[in-house]
Amino acid sequence: MSSKTLTIPARLLCYCFHKPRRVFHVDPARLYYGSPQVVTGSAVRTVDLRSDTVTKPGAAMRRAMAEAEVGDDVFGEDPTVNELQKIAADMFGMEAALYVPTGTMSNLIAVMVHCRERGDEMIVGDLSHIHVYEQGGSAQLAGVHSATVTTLGDGTFDLDQLISKIRHGYPDPHYPRSRLVCVENTHNIQGGRVLPLSFLQELRSVADNFGLTVHMDGARVMNAAVALGVQPSAILQHCHSVSVCLSKGLGAPVGTMLGGSKDFIQRAVRARKALGGGMRQSGVLAAAGKIALSDMIGRVKEDHRNAKSFAQALLQCDPPMYQVDLTTVESNILRFCLQDAHMSPAEFCERMAGVDEEEVKALGQGVQVLMFPHVGGTVRAVWHLGISEEDTQLAIQKAHFVAQQHKLKSIRAA
């Protein structure tokens, strides 16, 4: 850590007892999909840890998009889209794949294909993205009922509870028919947890025994593969279908790949069209997806390493202010708690995103670190290709500065 970081306490004592500071505020009401008010000024550096969805395509990706060979994809004639779909299917170890505009649409298509009749039922984790963040689209648009199982801390769920949720006696007119089980890997709300391969294997065995299909919301499954040190196909062999996002850690501006059997994808094409997802010369976008799958998977280990470094630094903070379980930091998402009940997660995020004169004097520059208050009284931070090791060190300095400043404020109040 730099010498500037080591002199923070001394500098704080010099500056924190003078005139009231001028603060540049960021809207404290921003939520999961909110937008920050970015502080401008030459002395301010922004470290955006809100989500890995904020990534921007680099020069090579933009060049590939500009030079892409295109055709009409609804007619199946876009060569770049077709090549991307072949690359994805081979990588997933599946028969076919389909390029879809968004992950939410991709998950909904999978539900529509697996649950072919209105009134069918899928079983999902109660903290899954499909259940919490996708507007209930499976019920709203597909007429598919959801039954929930309790999401455990590692992103899995109890298989005995799953079995207890499976409906029997079809066609009894009183009940929906169980058709589908959905899992999420890595698990967003639980802090980027990687599902164990043994769990997926046991889940598939249960699903086969009861005639159910398994869909994986694998928006960040590439993070899971890198964390486990395996090929994506080693994970996906336990699933009938998967949705893989290209526009998070892999850096593409748009798109998700939906993988499955040939019959599944044929049906998915129809569902995509009905949902308004049939695009024409979409090779311009698919070209970015090809770069994402060919060049960007290996580098996500850097995001994992930076997230772990930040977590470790929080535990080393003096005064102690942060609570982190390092065993849960498995990929690029970090959840942590504040030990002082007098500062809420929303207040902490506001302070991390704000820049004042004291900070510029103490750190040599203003550092605006963007994070989100998260479920369970936690704070969430997500690393991605737009965050370097240097950015991570700046975020660490800011977190230590905020802790020191909060302590001094408490001393004054006492």
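Leaving aside its neighbours within four places in sequence, which residues is Lys248 in contact with?

## Lys248

Lys248 is in contact with Asp52, Thr53, Thr55, Ala219 and Arg220, leaving aside its neighbours within four places in sequence. Contact means heavy atoms within 4.5 Å. Lys248 lies in the loop between strand S8 (241-245) and strand S9 (256-260). Because its relative accessibility is 16%, Lys248 counts as buried, where buried means under 20% relative accessible area (1.4 Å probe, protein chains only).

An unreviewed UniProt entry places the feature "modified residue: N6-(pyridoxal phosphate)lysine" at Lys248. UniProt annotations may be inferred rather than shown by experiment.

## Basis of the model

This is a predicted model, in which local features need pLDDT of at least 70 and side-chain atom pairs count only at pLDDT 80 or more, while totals for chains, interfaces and linings use all residues. Residues are numbered from 1 along each chain as its sequence is written, and side-chain values use heavy atoms, with hydrogens and water left out.

## The protein chain

The protein chain has 17 helices and 15 strands. These are DSSP runs (helices H or I, at least four residues; strands E, at least two), numbered from the N terminus. Of its 414 residues, 53% count as buried.

## Nonpolar cores

A nonpolar core is a set of buried Ala, Val, Leu, Ile, Met, Phe, Trp, Tyr and Cys residues joined through side-chain atoms within 4.5 Å. The largest has 51 residues, and those with the most contacts inside it are Phe92, Phe157, Leu203, Met216 and Leu250. A second, separate core has 32 residues, including Met321 and Ala403.

Conventions: Buried means under 20% relative accessible area, exposed over 50%, partly exposed in between (1.4 Å probe, protein chains only).
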